[in-house]
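Subject: Structure handover

Hello,

Here is the structure we talked about. My notes on what was found in it follow below.

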Amino acid sequence: MAFAPSVKTTNMDNKILIEAKGISLALEGKQILDKVDIRLHKGEIVTLIGPNGAGKSTLIRIILGLIKQDDGQVLLAPKLRIGYMPQRLSIDPVLPLTVRRFLTLAQRCSESNLVDALTEVGAEQLLDSAMQTLSGGETQRILLARAMLRNPDLLILDEPVQGVDVAGQEALYRLISTIRKRHGCGILMISHDLHLVMSATDQVLCLNRHVCCSGHPDKVRADPSYVALFGNTAVLMPYNHHHDHSHNAHGDIIQNKHKDCQHG
Amino acid sequence: MDDFLLRALLAGIGVALIAGPLGAFVVWRKMAYFGDTLAHAALLGVALGFLLDINTNLGVVVVCILLALLLVAMQQKQRLANDTLLGILSHSTLSMGLIALAFMETLRIDLMSYLFGDILAVSNTDLYWIFSCAALSLIVLIIIWRPLLAITVHEELARVEGVPVTWVKLALMLLIAIVIAVAMKVVGILLITSLLIIPAATARSFARNPEQMAVLAAAIGCIAVSGGLFASLEWDLPAGPAIVVSAAILFFSAPWWLKLKRAKK
């Protein structure tokens with residue numbers, strides 16, 4: 001199979017949703033992000049991995065416009081509808097709130113839309129539960145449902161499997177994969193662990209303030225800078241390795257497990 | 001019923017009707033100390049009112065808003081914890097207010113009535129103030145209800161979903177400032193926060209959704225006001241503190257009511 005190494009391919013789904021270039025941010029004298037580039041196409045799943053403090057959430061928050069970068073620019077596709085799933089949600093027990101109310105906080109929507117969204121994330125039985133009684137996995141599913149209710153072109157998920165047990169994590173990644181297939185939306189997410197997220201992602205961006213390496217998960221896993229960050233030695237080596245390529249020509253988005261695609 | 005008593009009851013109910021729903025947000029957003037700080041600063045507003053010869057209510061609202069803005073600015077710059085900042089502002093503004101009032105020697109001000117309220121001396125003008133402010137605040141609160149709730153649950157998520165977060169938060173601060181100004185007459189600046197948080201906290205046990213909690217808080221506030229006034233009349237208690245104590249009694253007896261309700265089922 002021949003894949004074009006550049007962005008300009010003939011893929012129908014090639015519309016660029018996010019194009020961020022040279023994003024830099026320093027907080028209190030500490031460099032959080034250093035000239036980070038990221039690009040995401042329609043129907044593509046890009047996963048940010050990296051150690052704690054690598055700036056993953058910060059990058060996402062810059063893309064969302066929640067914080068302002070010092071340098072660089074973020075271009076979003078015009079009229080892009082973003083569904084956002086934040087990292088943490090803790091609702092104080094003093095606020096009586098059911099799942100139904102939580103889902104309709106941002107916008108009113110019909111009962112059938114609500115049920116559809118909950119069914120899609122496998123949580124239809126929770127419609128009238130109190131938010132505070134939900135387990136970690138259930139909360140994540142409800143957050144995902146709220147993002148989906150916006151009928152998004154782009155989903156931004158900040159550690160979607162946080163607080164979920166391993167079996168649940170796999171199920172959640174499968175669900176995210178299914179959602180992408182069904183709705184054709186682009187997905188940008190953060191993960192700690194490449195192993196679990198492997199099958200669900202097209203592109204991995206290994207971030208440690210700067211982009212250490214990026215590409216197909218298979219390739220990233222073999223990359224020395226990835227090994228340096230996540231390998232047995234767990235020591236952060238100042239290895240600056242910069243791949244500047246993207247993979248958008250994976251063709252049918254379902255087949256994201258090509259073993260035969262070698263990128264370089 | 002005597003005229004002054006009727007006016008007192010109406011004033012108390014007017015304040016309770018807005019303090020309840022607004023208090024729900026104070027409780028949800030953990031702003032009790034914030035309310036307290038604004039209330040303490042209100043005395044400075046009273047002094048300002050006398051000094052500039054403007055309506056003292058207006059003085060209080062202006063000072064509260066300025067303080068709220070100052071607080072927001074300080075929160076973004078300082079590294080101090082929020083409650084430390086509030087503590088600093090709360091007590092320094094209260095002291096500044098006391099000093100400012102002490103300077104006005106020519107003026108005879110009943111300090112106690114500002115600190116603990118003077119509901120039995122409510123005039124018709126006060127009543128107009130209270131009801132127009134309460135009505136206006138309720139309308140604004142209803143308008144910003146949904147976005148405010150969204151922000152309360154998760155601010156960044158709300159922002160991404162298009163809620164004008166800054167404006168809604170400013171509106172909330174403005175509402176709290178207005179309520180403090182009108183509630184000062186009823187329970188005094190030292191006790192205002194109790195009218196915001198006790199009815200709302202009591203309502204939590206009985207409410208199944210945010211709106212129920214707000215409506216119940218308003219109702220519980222009205223009961224507390226009536227009970228307090230009755231006790232004040234019957235046993236010659238200071239009215240403001242009597243209202244607060246009656247609210248507290250409702251709060252502490254809430255579990256008991258709940259048990260009774262469950263037993264009936």
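Two strands are said to pair if DSSP finds at least two bridges between them. By that rule, strand 3 (residues 45-49) and strand 8 (residues 203-208) of chain A pair in the parallel sense, over four bridges. Please keep in mind that this is a predicted model.

Strand 3 and its sheet

How much of strand 3 of chain A is buried? Five of its five residues are. The cover is on both faces: Ile45(A), Thr47(A) and Ile49(A) are buried on one side, and Val46(A) and Leu48(A) are buried on the other.

The three-stranded sheet

Chain A has another open sheet, of three strands in the order 2-1-4, with antiparallel pairing. Its edges are strand 2 and strand 4 of chain A, each with a single partner strand, so one side of each is left without a neighbour in the sheet. Strand 1 (residues 16-27) and strand 2 of chain A pair in the antiparallel sense over eight bridges, and Ile23(A) stands opposite Val36(A) in strand 2 of chain A. Helix 1 of chain A lies across strand 1, strand 2 and strand 4 of chain A, and runs at about 120° to strand 1 of chain A.

Two backbone angles to look at

Most residues other than glycine have a negative phi. Lys35(A) has a positive phi, near 45°. Lys35(A) is placed in strand 2 (residues 30-41) of chain A. It has 15 C-beta neighbours inside 10 Å and so counts as partly exposed. Lys79(A) also has a positive phi, near 55°. Lys79(A) lies in the loop between strand 4 (71-76) and strand 5 of chain A. Is Lys79(A) buried or exposed? Lys79(A) is exposed, with 6 other C-beta atoms within 10 Å.

Chain A as a whole

Chain A contains eight helices and nine strands. Of its 264 residues, 44% count as buried. Among the contacts in chain A with a separation of 6 or more, 69% are between residues 24 or more positions apart.

The domain assignment of chain A gives domain 1 (9-81 + 152-251) and domain 2 (96-150). Eleven residues of domain 1 are in contact with nine residues of domain 2 of chain A. On the domain 1 side, the largest share, four residues, comes from helix 5 (residues 166-183) of chain A. By class, that side has eight nonpolar, two polar and one charged residues.

The core and the contact between chains

The largest nonpolar core has 164 residues. Those with the most contacts inside it are Val15(B), Leu38(B), Ala42(B), Cys64(B), Ile180(B) and Ala183(B). Domain 1 and domain 2 of chain A both give residues to this core, so it lies between them. Neighbours within four places in sequence aside, Ile180(B) is in contact with Leu38(B), Ala39(B), Ala42(B), Val60(B), Cys64(B) and Ile192(B).

Between the chains, 20 residues of chain B are in contact with 18 residues of chain A. On the chain B side, helix 1 (3-28), helix 6 (124-153), helix 7 (155-160) and helix 10 (210-235) of chain B each supply at least two residues. The residues of that side divide into eleven nonpolar, three polar and six charged.

Regards

Key: Residues are numbered from 1 along each chain as its sequence is written. Chains are lettered from A and ligands numbered from 1 in the order in which they are written. This is a predicted model: local features need pLDDT of at least 70, side-chain atom pairs count only at pLDDT 80 or more; totals for chains, interfaces and linings use all residues. Two residues are in contact if their C-beta atoms, placed from the backbone, lie within 7 Å. Ala, Val, Leu, Ile, Met, Phe, Trp, Tyr, Cys and Pro count as nonpolar, Asp, Glu, Lys and Arg as charged, and the others, Gly among them, as polar. A nonpolar core is a set of buried Ala, Val, Leu, Ile, Met, Phe, Trp, Tyr and Cys residues joined through C-beta atoms within 7 Å. A residue is buried if 20 or more other C-beta atoms lie within 10 Å of its own, exposed if 12 or fewer, and partly exposed in between; C-beta atoms are placed from the backbone. Domain bounds come from an automatic or database domain assignment. Axes are lines fitted to C-alpha atoms, for helices over the stretch in contact, and angles run from 0 to 180 degrees between N-to-C directions.
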